[in-house]
Amino acid sequence: MKFTDSPVIELSVHDTRLSFQQDNGSMHVGTSVWPCSLVLVKFIERWLAVPADDTNPNPYASLLNFTGKRGVELGTGCGVAAMGLYLLGLHEIVLTDIAPVMPALKRNLKRNKPVLKKTLKTAQLYWENKEQIKLLKPPFDFVIATDVVYIEKTVGPLIQAMEGLLSDNGVVLLGYQLRSPEAHKMFWEMCVEVFDVDKIPHEHLHPDYAYEETDVYVLRRKKKMDP
Ligand SMILES: C[S@@+](CC[C@H](N)C(=O)[O-])C[C@H]1O[C@@H](n2cnc3c(N)ncnc32)[C@H](O)[C@@H]1O
């Protein structure tokens, strides 16, 4: 399914259906649902369903082991990725965004409460705000972000927020789409300075949620070299 301006976007996760009310007419991009979020959730759902055994190893079995792990989503918008990951087993997760997006997020959390069976944690987080980062009590095992690279001036703060929140052995799960060539160039130049970057092969994405323009990346902190 491509990005659509229909007022409600649905996403099935296992046997559950999440439903998001979006407002494409608002001034804030976070009140819309963006395809990267759906692609990330469906990629994870696909590989969690593949049993790991010796004859047919699942390359993502260890990456997607959510048991006892903590996650935080940056720029969650309507909350699609975080709610999807919660249903897929990442049970401790905080959804963050800027203040004007919070009403849309809270509306969608309430809308999905019957299937989530609880209200997930939310917090205001502007990537440039170090105090807000500290209040979240890092480190986190997973930092989730989908479609967050589109303005040059927020690229530096975004990468610093990822670094500030991620544990030493933690993983950033990034749904990515090129939005601005300038922000794209800056993001990847800065990213490779601090993270090892793996791109998920397109054929590993969920076949119904694999769009040419949308990718999933896994970022891990670069290990410090011994002096
Ligand atoms: C294109 S939307 C993506 C929303 C959601 N992740 C999705 O994929 O549907 C980008 C999100 O990043 C958030 N964002 C942009 N700049 C931010 C900043 N400086 N601090 C925190 N969030 C920011 C926006 O509010 C918005 O929710």
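1. Let's start with the surroundings of the ligand. Sorted by class, the shell around the ligand holds 13 nonpolar, eight polar and three charged residues. Keep in mind as you look that this is a predicted model.

2. Which residues come nearest to the ligand? Of the 24 residues around the ligand, these are Gly 30, Trp 34, Ser 37, Gly 75 and Gly 77. Two elements give two or more residues to this shell: helix H1, spanning 35-48, and helix H6, spanning 152-165.

3. Now follow helix H6 to its partner, helix H7, which covers residues 181-194. The axes of H6 and H7 come within 9 Å and cross at roughly 25°. Angles under 35 degrees count as roughly parallel, so H6 and H7 are roughly parallel to each other. Their crossing is right-handed.

4. Who makes this contact? From H6 come Glu 152, Val 155, Gly 156, Ile 159 and Glu 163. From H7 come Glu 182, Ala 183, Met 186, Phe 187, Met 190, Cys 191 and Val 194. By class, the contact of H6 with H7 has eight nonpolar, one polar and three charged residues.

5. Finally, have a look at helix H2, residues 80-87. Is H2 mostly covered or mostly exposed? Helix H2 is mostly covered, with eight of its eight residues buried. Just after H2, look for Gly 89, which takes a positive phi of about 115°.

Terms used
Residues are numbered from 1 along each chain as its sequence is written. This is a predicted model: local features need pLDDT of at least 70, side-chain atom pairs count only at pLDDT 80 or more; totals for chains, interfaces and linings use all residues. A residue is near a molecule or strand if its C-beta atom, placed from the backbone, lies within 6 Å of it. Helices (H or I, at least four residues) and strands (E, at least two) are DSSP runs, numbered from the N terminus. Ala, Val, Leu, Ile, Met, Phe, Trp, Tyr, Cys and Pro count as nonpolar, Asp, Glu, Lys and Arg as charged, and the others, Gly among them, as polar. A residue is buried if 20 or more other C-beta atoms lie within 10 Å of its own, exposed if 12 or fewer, and partly exposed in between; C-beta atoms are placed from the backbone. Axes are lines fitted to C-alpha atoms, for helices over the stretch in contact, and angles run from 0 to 180 degrees between N-to-C directions. Angles under 35 degrees count as roughly parallel, over 145 as roughly antiparallel, 65 to 115 as roughly perpendicular and the rest as oblique. A crossing is left-handed if the near helix is turned anticlockwise from the far one by less than a right angle, and right-handed if clockwise. Two residues are in contact if their C-beta atoms, placed from the backbone, lie within 7 Å.
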